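Here is a short walk through one chain. Keep the sequence and the structure in view as you read.

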Amino acid sequence: MRRAGLEASGNHTYSDYNAVEDENERLVDSLHEKVSTLKSLSIDIGTEVREQNSFLKQLDDTFDTSGGLLSSTMGRLTKMARSGHNCYLCYLLLFSFFVFFVIYFIIRFR
């Protein structure tokens, strides 16, 4: 860019031309460093994205497994509730209250 302006004016000396050339070379080197930094940063970002996608896939698989366990447990609870043996449901409810109170007293008197 600056070369074209320098050649068009015609009244600059050779040292002016060298100064502009040196400045252009310095700017090109600076731009090269910035591009290299940007390239390494984008490579690092790509690596991090791949790792995060792997973690998300593992988390998704874990949630799918947990969802399967919960749905089978809910199916068993529904089957137990429909079977007419309500005493099991009372035992389950009493056991839950017992565990709750034991945990409450442990935390309270600690």
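**Following the helices**

Begin inside helix α2, where Val20, Glu21 and Asn24 are buried. Buried means under 20% relative accessible area, exposed means over 50%, and partly exposed lies in between, with a 1.4 Å probe and protein chains only. Of the chain's 110 residues, 4% count as buried.

This is a predicted model, in which local features need pLDDT of at least 70, side-chain atom pairs count only at pLDDT 80 or more, and totals for chains, interfaces and linings use all residues. Residues are numbered from 1 along each chain as its sequence is written, and side-chain values use heavy atoms, leaving out hydrogens and water.

The chain has three helices and zero strands. Helices (H or I, at least four residues) and strands (E, at least two) are DSSP runs, numbered from the N terminus. Helix α2 covers residues 14–82; at 1.5 Å a residue, its 69 residues should span 102 Å, and its end C-alpha atoms are 99 Å apart, which agrees. The expected span is 1.5 Å times one less than the number of residues.

How confident is the predictor? Its score is pLDDT, given for each residue from 0 to 100. The chain averages 85, and 86% of the residues score at least 70.

Now move to residues 88–107. An unreviewed UniProt entry lists them as "transmembrane region". Such positions follow the numbering used here, feature names are shortened, and annotations may be inferred rather than shown by experiment. The span is 100% helix and 0% strand, with its end C-alpha atoms 29 Å apart.

Finish at Phe109, in the segment after α3 (86–108). Phe109 is exposed, with a relative accessible area of 64%.

Note on methods. pLDDT = per-residue confidence, 0-100.
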